[in-house]
Protein chains: 2
Amino acid sequence: MRGVSIVGAGMIRFGKFPSRMIEDMGAEAVIQALRHAGMGHREIQAAFVGNVGQPPNAGQRILDQAGMSGVPVLNHENACSSSSAALRDAYVAVASGEYDRVLVVGAEQMTKKIKGLIPIEDGANLMVDMGMVMPAFFALMARRHMQEYGTTREQLAQVSVKNHRHGALNPYAQYQKEVTLSEVLNSAVIAEPITLLQCTPIGDGAAALVMTTSREARRWTSRPVKVEASVFAAGFSRKEPSVGTIEVCCRAARQTYEIAGIGPEDMDVVELHDCFTAHEILAVEDLGLAPKGEGGRMAVEGTTALGGKIPVNPSGGLLSKGHPLGATGVAQVVELVWQLRGECGKRQVAGAKVALAHNGGGIGPGLELPAMSITILSG
Amino acid sequence: MRGVSIVGAGMIRFGKFPSRMIEDMGAEAVIQALRHAGMGHREIQAAFVGNVGQPPNAGQRILDQAGMSGVPVLNHENACSSSSAALRDAYVAVASGEYDRVLVVGAEQMTKKIKGLIPIEDGANLMVDMGMVMPAFFALMARRHMQEYGTTREQLAQVSVKNHRHGALNPYAQYQKEVTLSEVLNSAVIAEPITLLQCTPIGDGAAALVMTTSREARRWTSRPVKVEASVFAAGFSRKEPSVGTIEVCCRAARQTYEIAGIGPEDMDVVELHDCFTAHEILAVEDLGLAPKGEGGRMAVEGTTALGGKIPVNPSGGLLSKGHPLGATGVAQVVELVWQLRGECGKRQVAGAKVALAHNGGGIGPGLELPAMSITILSG
């Protein structure tokens, strides 16, 4: 298998754009990524596109809008990790020699109209009918973590304070505004202990990457970013009681570190799936960045903040940068490509050489079969 | 790249099953395919699943229902060619060495509730708003073909007569009932010259394949079916005026024949995308099975019927076997695997050694960017 590198990364600012169509947002991200790579669109041989709730052939329409019809497009749907699934198949296609230069795109329009986003048909999932919606699921995970490890409400809230502080430095973030611990704790209770400012918002956005072989990468840029490993793992339903941990994350992380030959201690910067504050604490631990039970303390001590030992979500994460479902996986990698190239301005992690993206899809009620995508990059 | 073969193929009878969920239908097809391969489910390393209109992570839920949670699932959406897109990525993953044994699944539940199936949001596509829905599009193609080549209403209708005659021999077909030329011609006009019995029906169904390396295939069966080529091509929007031909089909066919080193004259049996009778006539010509303009005559002369020179749609095709969107691409290959293994009973094409599957996605108004999947198999 050939080495695979990323030579261009672009995205639009996330936000609420009810008047923008997915074609328009996706095409803008594609054009940004190609411009970043200094690559003409005729070089692209295929596109792998992730998207959750749009009508059929969203990727074809995005590429057409970018003036690129005629390029084969493979659309992927894996809930919140849809574009990480696209990235995974793109990676295999380039590594195998099937294609030399591909686009990986993630895009979602959530504010205008949402189709197909209800996880399970009405009445088909007893848990959901009984109120076990997504915030409730993570609230229960948080409660258990509090009981097992002494994690506090303040530690949970501090994740939101940190990520909003990061997001305030990111011109691509949906919310570029700091919040105080008191504001987070006193915002509306959604599912105790999760408050409003501890939940990722609804939003629209798009992100794109240009991927090629590591051998060809230097033709396009002096700063290619290598994909050291890309793992797409699956959870077991009803077989892994999740008691303050998400088992599939631990397994996927072990597998990714083994393939990359790089461990958690080597990471300089991480983008992870903080759909709710509790998930960042779980993920920091399950990825091996903190000992089990220490995730909350790390947030308070600043270890995971910009300037800390292992900055987590310098982009603002899902909490502040936003989470247009299908766009998220690729947007995480866009941020890390920029970080590894030293292009992140005020939120730059100085000298970052190794980075990890963590993107979960289908974690929670009605979607008990999570897809967990972990990607390790080096610059 | 390694050779790739199919060692198991299974499907459920297509039909209208409003009380069946996609999980249930998909799991039944998966279990049939594994049983056909004589393979235990623990051998499967990943699944590639195609589906159009279901809520997120349909593939994960199907595998869970089959007792196979924990297997990574990559869900694909490419309109009517969704499971052919899944097959394409599965093929690359096995050929490249990424996986040794995978499932390819297609499934759709259309009668119960359809989510996300409307191609374009209301008002977003002027052509659709003005009445250019799918049957209208193919009716215009048919009219043009009639004018250019002298194709007749009777020739169009004969495609339906033939495919229903085939479907009557197929216990997996949604409609197992012959229709007469007069019945077809006198059924309700949907979009002149297309009548009701010339349109594929709404239906539910699922199909699955077990794919492995050609080297490993003989461990599982004495009758493996080799994937000689799998091409997933894209059309150009507004650049290929479709005058009685679908350009992307011609290009994809040329590419597939070149890779396989096998031409149209070598085909023993074909399953193609007869969503409307006119499309079979176009496809027979665009695939090079008939000279341009001869597709209609071939249907009348029996060349494309069982017992003819090149039997097309022995399963009954989309017109009679049915077309549960995401299930279709894999179901076509299931039929061809069974044909190449001589397992098709009354509809068996004697001595079939080489076969072609043709599956289009997004051909028509509002989805002007077709994905065209062509697969050549040998047994």
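Which residues do ring pairs link into a cluster? In this predicted model, the cluster is made up of F137(A), F138(A) and F276(A), joined to one another through ring pairs.

**Aromatic pairs**

- Over all chains, the count of aromatic pairs comes to eight, and a pair of this kind is described by the distance of the centres and the angle of the planes.
- F48(A) and Y99(A) form an edge-to-face pair, with 6.4 Å from centre to centre and 70° between the planes; the term edge-to-face applies because the angle is over 60 degrees.
- Since F48(A) belongs to strand 2 (residues 46-50) of chain A, while Y99(A) belongs to the loop between helix 3 (82-95) and strand 4 (101-108) of chain A, the pair ties together parts that are 51 residues apart in sequence.
- F48(A) is buried, at 0% relative accessibility, and Y99(A) is likewise buried, with a relative accessible area of 10%.
- Y172(A) and W338(A) form a tilted pair, whose centres are 4.9 Å apart and whose planes stand at 45°.
- Y172(A) is found in the loop between helix 6 and helix 7 (181-186) of chain A and W338(A) in helix 13 (residues 328-340) of chain A, so this pair ties together parts that are 166 residues apart in sequence.
- Y172(A) counts as partly exposed, at 28% relative accessibility, whereas W338(A), at 8%, counts as buried.

**Charges over rings**

- In chain A, R20(A) lies over the face of F17(A), at 6.0 Å from the ring centre.
- In chain B, the charged end of R20(B) is placed over the ring of F17(B), at 6.0 Å from the centre of that ring.

**Helix 6 and helix 10 of chain A**

- The axes of helix 6 (residues 153-167) of chain A and helix 10 (residues 277-286) of chain A come within 8 Å and cross at roughly 95°, which means that helix 6 of chain A is roughly perpendicular to helix 10 of chain A.
- On the side of helix 6 of chain A, the contact involves Q155(A), L156(A), V159(A), S160(A), K162(A) and N163(A), and these meet T277(A), A278(A), E280(A) and I281(A) of helix 10 of chain A.

Terms used
Residues are numbered from 1 along each chain as its sequence is written. Chains are lettered from A and ligands numbered from 1 in the order in which they are written. This is a predicted model: local features need pLDDT of at least 70, side-chain atom pairs count only at pLDDT 80 or more; totals for chains, interfaces and linings use all residues. Side-chain values use heavy atoms; hydrogens and water are left out. Axes are lines fitted to C-alpha atoms, for helices over the stretch in contact, and angles run from 0 to 180 degrees between N-to-C directions. Helices (H or I, at least four residues) and strands (E, at least two) are DSSP runs, numbered from the N terminus. Angles under 35 degrees count as roughly parallel, over 145 as roughly antiparallel, 65 to 115 as roughly perpendicular and the rest as oblique. Contact means heavy atoms within 4.5 Å. Rings of Phe, Tyr and Trp (its six-membered ring) pair if their centres lie within 6.5 Å; planes under 30 degrees apart count as stacked, over 60 as edge-to-face and the rest as tilted. Buried means under 20% relative accessible area, exposed over 50%, partly exposed in between (1.4 Å probe, protein chains only). A charge sits over a ring if NZ of Lys or CZ of Arg is within 6 Å of the ring centre and within 35 degrees of the ring normal.
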